Each structure stands twice: as structure tokens, then as C-alpha cells.
Amino acid sequence: MLPTSDQVDVARDRLFEDLAEEFEHFDRLGNLVRRVSHLVKPSVIHIEAHKTQGSGATAESFDEAGSGVVLDVAGESWVLTNRHVIKGAASNQIVMRTSDGRRWVPEKILMDPNTDVAVMKLSPSIAGIESAERDSIRRGTSSFAKMPPAARLADSDEVQIGDFVIAIGSPFGLSHSVTFGILSAKGRRDLSLGEERIDLQDFFQTDAAINPGNSGGPLLNLRGEVIALNTAIASSSGGSEGIGFAIPINMAARVAEELIVHGRLRRGYLGVTLDPNFAAADLSPASGIYASMKITPDFDSRFGSQEEIKLGGARVKDIRPGSPAELAHLQRGDIILQFDSINVEDDDHLVALAGMAQPDQRPISMVILRDGKRYRTEVTLTFQP
């Protein structure tokens with residue numbers, strides 16, 4: 001017997017009620033995204049840089065849009081962004097805008113080519129403002145002079161693959177645009193990013209839509225905290241294809257502080273040349289090299305599991321005379337398995353770990369493999385000469 005029209009209507013109403021109940025749970029996530037976007041937008045900066053390439057008759061001028069995020073460093077407001085966003089533009093050719101439409105100019109610019117990180121000290125722009133208002137800006141009594149709020153930073157070491165993330169930036173010049181996705185991967189290295197080599201790489205990967213103009217903008221968690229600095233995309237079309245890369249905020253903030261306090265990034269120096277062709281996973285178990293890597297009663301579990309150690313490591317190809325590595329008695333052929341209690345994945349990983357380490361603060365523990373046996377040692381890094 002076919003249901004009556006009234007029965008169909010009742011069943012339909014019930015389905016709509018069930019759908020509304022399920023939507024309430026889903027809408028909480030959407031509401032959270034809206035709240036985070038509203039809260040963080042005032043800390044996000046739209047950047048316009050006028051650049052000139054070439055000289056003479058071949059000179060070509062163009063405008064490039066990017067993004068940045070406000071940090072508070074020692075009570076001063078700085079904009080954290082990517083070096084490639086502003087490289088090639090003079091300070092008077094860079095304009096920054098906050099979400100309320102106010103214009104800002106960089107009072108000071110500092111950049112690091114090793115990480116593609118840059119910082120600019122914020123100063124209100126007085127272009128197009130009446131003279132009386134300009135005087136109040138200089139005195140700091142004008143609303144135009146009120147600094148935008150600094151963003152809150154997360155501990156990017158605690159971020160997990162699969163976490164929801166939000167990207168805010170200026171894709172194709174469309175300022176303060178918001179996209180949503182997840183963290184797809186961590187520890188992406190050895191990426192080819194434009195014409196210049198970035199030495200210290202340890203990128204997050206996300207499927208949140210990132211396009212040209214997003215560079216320098218924040219990647220956020222759902223607490224509204226910055227977890228990374230959007231930097232690059234992998235794309236065959238020039239637009240978003242679901243593969244974006246961002247610098248973890250722990251690294252970016254450390255570089256920013258070094259630039260502001262010391263004028264440059266003081267890299268940690270180990271003093272080794274690593275073998276780029278080495279891969280621990282390619283070693284044959286028949287060679288016996290893995291026999292000594294099996295878990296034994298005296299093995300410290302903090303060094304990780306057998307599987308973790310098997311698949312990682314960086315092989316030392318050469319030792320520089322007088323270097324911290326020589327003083328720590330490292331030898332050619334040593335395989336560095338752990339550095340500062342972190343399992344070393346490959347040579348690029350070790351370069352990033354050593355480069356971002358704080359020299360002269362304390363000895364750093366290492367686990368090495370030499371002649372089929374594991375050893376523990378310590379090294380005290382110095383600043384890269």
C-alpha cells in the first residue's frame with residue numbers, strides 16, 4: 001500500500017528535523033571558522049610592493065601583492081612576511097593596509113635569505129592626510145597611529161597532521177581572503193621555490209587554498225593562533241591545486257627575533273659535509289649494519305624505536321678542521337641518527353635542525369652509528385662563520 005500524502009509530508013518533515021539537528025553540530029565548526037576569521041583579520045596585513053627588474057631600456061616595473069601578520073617584539077609592532085614578497089622593492093615603494101583600510105609604511109626592513117623570512121617595523125602612513133592629523137599622528141594621539149593588534153602564536157611543534165587550519169591573505173590581490181582546510185603533512189624539505197635556494201627548509205603542507213598573494217600571511221589553528229607562515233604552492237597552473245607550503249611559526253618567529261635583535265640570523269654551525277645520496281632505508285639488512293641497531297637491554301627508549309632509527313639518519317662525508325664536529329670527535333662515515341633528541345630523517349633535516357639550534361647555550365646530545373655500533377655523544381655548536 002502506498003503511503004498517503006500526509007504520511008509523506010510527515011516523513012519529509014522528520015527528515016528535515018534530523019537534518020537540522022545534524023547541521024547544528026556541523027555549523028559549530030563553521031561558526032568557529034567565522035569567529036577566528038573575525039578575530040584575527042585585524043592582525044593580518046595586505047602588502048603592495050612596487051618592484052623594478054632590469055635596468056635601462058630593459059627595465060620593467062610591476063606591482064606585487066602579498067600578506068603579513070603583526071607580531072609584538074619587545075613592545076614594538078613588526079610585520080612578519082616572506083622575503084620574496086618585498087625583495088626588490090625600496091621601503092618607499094611598499095604600502096601596507098590593515099583590514100580597517102588604514103595605510104602603513106615600513107620604518108625598517110630586515111630579511112633573511114636562508115629561510116625566506118622578513119620583518120618590517122610598522123609606521124603609519126601620512127600620505128593623503130590633513131596636516132593637523134599628521135601632527136597628531138607624529139605625537140601618537142591620532143586614531144591613525146593606533147597599532148593593529150599582534151597575533152597570538154601557537155607552538156608549531158604541537159601541530160598534528162589532520163588538524164583543521166585557516167589561511168588568511170591576499171590571493172591575486174584580494175585582501176584579507178579566508179580559506180579553510182587541514183594540515184596535510186609536516187617536514188617537507190628540499191623544495192625548489194623560485195630562482196633562489198632556501199637553505200633551511202622544514203615546511204608544513206596544507207590543502208587550504210593558497211594562491212599568489214597569500215605569501216607571508218598566517219596559517220591558523222581553530223584557536224586563532226598562528227601555526228605557520230604561508231610561503232609557496234606546488235602548481236602546474238599558477239593557482240591553488242591543494243598543495244601549499246608554510247614555514248612553521250616556531251622557525252619563523254625565531255628568525256624574526258634574530259633579525260630584530262641581531263640584524264641577521266645567527267645560524268648554528270656543526271661543521272660537517274653530509275652525503276646527499278645517503279638513504280638509511282636503502283641499506284641492506286644483509287650487510288649486518290642493522291644487527292647492532294636492534295633494541296638491546298641497555299638501549300635508551302628515548303632514542304626511538306628500531307623502525308624509527310632504521311629509516312632515518314644523515315651520513316657524514318667530511319669534517320671541517322677545528323669545527324664543533326671535530327671537537328665532538330665525529331668521523332667520516334658516521335651516521336647521525338638523532339640530534340637534540342629528535343630523530344634525524346635525512347641530510348636536509350639535520351641541516352635545518354643544526355641551523356636553527358641556539359649556539360653556545362648548552363651541549364646538544366647526538367646518537368650516531370659508527371662501524372655497526374651506536375654511540376651517544378654531545379656537541380656544542382658555534383655560530384656559522
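Let's start with a contact: glutamate 345 and arginine 189 join their side chains in a salt bridge, 3.0 Å from N to O. The term means that a side-chain nitrogen of Lys or Arg lies within 4 Å of a carboxyl oxygen of Asp or Glu. This is a predicted model, where local features need pLDDT of at least 70 and side-chain atom pairs count only at pLDDT 80 or more, while totals for chains, interfaces and linings use all residues. Residues are numbered from 1 along each chain as its sequence is written, and side-chain values use heavy atoms, with hydrogens and water left out.

The two partners sit 156 residues apart: glutamate 345 is in the loop between strand E18 (342-343) and helix H7 (347-356), and arginine 189 is in the loop between E9 and E10. Such helices (H or I, at least four residues) and strands (E, at least two) are DSSP runs, numbered from the N terminus. Arginine 189 also forms a salt bridge with aspartate 202, with the closest N and O atoms 3.0 Å apart. Aspartate 202 lies in the loop between strand E9 (177-188) and strand E10 (203-206), 13 residues from arginine 189.

## How covered are these residues?

Here, buried means under 20% relative accessible area, exposed over 50%, and partly exposed in between (1.4 Å probe, protein chains only). Arginine 189 has 12% relative accessibility, so this residue counts as buried. Glutamate 345, at 44%, is partly exposed, and aspartate 202 is partly exposed too, at 24%.

Over the whole structure, a search finds 13 salt bridges. One of them pairs lysine 121 with glutamate 76, at 3.1 Å from N to O.

Lysine 121 is buried because its relative accessible area is 18%, whereas glutamate 76 is partly exposed at 32%.

## A nonpolar patch

On the surface, Phe164, Phe180 and Ile182 make up a nonpolar patch with about 240 Å² of accessible area together. Patches consist of residues with over 30% relative accessible area and no salt bridge, joining like charges within 9 Å and nonpolar side chains (Val, Leu, Ile, Met, Phe, Trp, Tyr) within 5 Å. The areas come from the Shrake-Rupley method with a 1.4 Å probe, and for residues only the protein chains shown count as cover.

Phenylalanine 164 belongs to strand E8 (residues 164-169). Its relative accessibility is 38%, so phenylalanine 164 counts as partly exposed.
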